[in-house]
Amino acid sequence: MNWNYRMRLYMKEHLPLYLFVSVLFVMGVIFGALMVGALSTGQKEEMARHVNSFIQIVHQGDELGGQTTFRDSISLHLKWIGLIWILGLSVIGLPFIFLLDFLKGVLVGFSVGYLVGQLSWKGMLFAFVSIAPQNLIVIPALVLCSVSACAFSLYLVKNRFVQKRGTLYPTFVRYTSLTLCMGALLFGVAMFEAYMSPVMIKWVAPMLVAGAG
């Protein structure tokens with residue numbers, strides 16, 4: 001009960017940060033989707049060849065995922081939240097945390113926007129099985145890490161440098177613990193990307209082949 005109360009208090013106290021980070025991400029998604037329209041014809045054709053080649057490989061039954069995909073995925077996720085954690089240790093890191101959130105939105109928006117623009121409803125289906133599932137967890141995890149990093153950075157300013165009171169250790173432990181918990185969660189996401197996502201992509205590959213040509 002006490003833990004639930006603290007969590008509600010924490011969420012209420014940091015609601016403006018959650019809203020700000022979420023808006024940044026949404027703006028990134030919109031910007032990424034708009035970037036698709038700025039691509040030249042040659043760039044679109046080159047990307048289309050890569051997408052078509054990937055779909056053909058999947059349709060032919062070639063193996064996807066596995067340990068290599070898992071290592072690449074977990075490495076990317078841990079580097080991302082690790083960088084956010086490091087940036088949260090200093091005030092000058094705040095703008096870069098916001099930049100990372102915006103950039104993540106751009107990557108998601110561009111990927112989904114391109115697939116939908118290239119393959120229409122089949123692109124939406126492809127994005128639904130290859131991009132959406134893991135990002136339903138990755139994005140909230142990154143938002144939590146970002147807000148925690150911002151809150152810790154602001155705590156340093158307020159309680160250590162301005163008012164010069166309060167103890168740093170408990171807050172640092174909570175901050176680091178949350179990052180580690182999100183890291184464990186993203187470990188599961190990497191497992192999904194390596195071993196479940198390829199299966200889902202293979203399910204829809206036959207429907208994509210005709211539309212990718």
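Predicted model: local features only at pLDDT ≥ 70, side-chain atom pairs only at ≥ 80, totals over all residues.
Angles over 145 degrees between the N-to-C directions of two axes count as roughly antiparallel.

**Overall composition**

The protein chain contains nine helices and zero strands. Read from the N terminus, its order of elements is α-α-α-α-α-α-α-α-α. The chain has 213 residues, and 40% of them count as buried. Its accessible surface is about 12200 Å², with 72% of that area belonging to carbon and sulfur atoms. Considering contacts between residues at least 6 apart in sequence, 80% join residues at least 24 apart.

Helix α4 covers residues 67-87 and helix α5 covers residues 94-119. Their axes come within 8 Å and cross at roughly 155°. With the cut-off at 145 degrees, α4 and α5 are therefore roughly antiparallel to each other. The crossing of this pair is left-handed. On the α4 side the contact is made by Trp 80, Leu 83, Ile 84 and Leu 87. On the α5 side it is made by Leu 94, Phe 96, Ile 97, Leu 100, Leu 103, Lys 104 and Leu 107. Sorted by class, the contact of α4 with α5 has 10 nonpolar residues, no polar residues and one charged residue.

Helix α2, residues 15-37, also packs with α5, at an angle of about 40° and with the axes 6 Å apart. The two helices, α2 and α5, are therefore oblique to each other. Here the crossing is right-handed. From α2 the contact takes in Phe 20, Val 21, Leu 24, Phe 25, Met 27, Gly 28, Val 29, Phe 31, Gly 32, Ala 33, Met 35 and Val 36. From α5 the contributors are Phe 98, Asp 101, Phe 102, Lys 104, Gly 105, Val 106, Val 108, Gly 109, Phe 110, Gly 113 and Tyr 114. By class, the contact of α2 with α5 has 16 nonpolar, five polar and two charged residues. Lys 104 of α5 is listed in the contact with α4 and in the contact with α2.

The table sets out the two pairs.

| Helix pair | Axis separation | Axis angle | Handedness |
|---|---|---|---|
| α4 and α5 | within 8 Å | roughly 155° | left-handed |
| α2 and α5 | 6 Å | about 40° | right-handed |

Ser 148 lies in helix α7, which spans residues 132-162. Its relative accessibility is 5%, so Ser 148 counts as buried. Apart from neighbours within four places in sequence, Ser 148 is in contact with Tyr 10, Tyr 175 and Leu 178.

Pro 133 is also found in helix α7. Leaving aside neighbours within four places in sequence, the contacts of Pro 133 are Phe 128, Phe 192 and Met 200. Between Pro 133 and Glu 193 the sequence separation is 60 residues, while their C-alpha atoms are 8.9 Å apart in space.

Ala 184 belongs to helix α8, residues 169-195. With 51% relative accessibility, Ala 184 counts as exposed, the cut-off being over 50%. Ala 184 and Ile 74 are 110 residues apart in sequence, and the C-alpha to C-alpha distance between them is 9.9 Å.

Notes:
Residues numbered from 1 in each chain as written. Heavy atoms only, no water. Axes fitted to C-alpha atoms, helices over the stretch in contact; angles between N-to-C directions. Helix = DSSP H or I, 4+ residues; strand = E, 2+ residues; numbered from the N terminus. Parallel < 35°, antiparallel > 145°, perpendicular 65-115°, else oblique. Left-handed = near helix turned anticlockwise from the far one by under 90°. Contact = heavy atoms within 4.5 Å. Nonpolar A, V, L, I, M, F, W, Y, C, P; charged D, E, K, R; others polar. Buried < 20%, exposed > 50% of the residue type's maximum accessible area, 1.4 Å probe, protein only. Areas by Shrake-Rupley, 256 points an atom, 1.4 Å probe, with all protein chains shown as cover.
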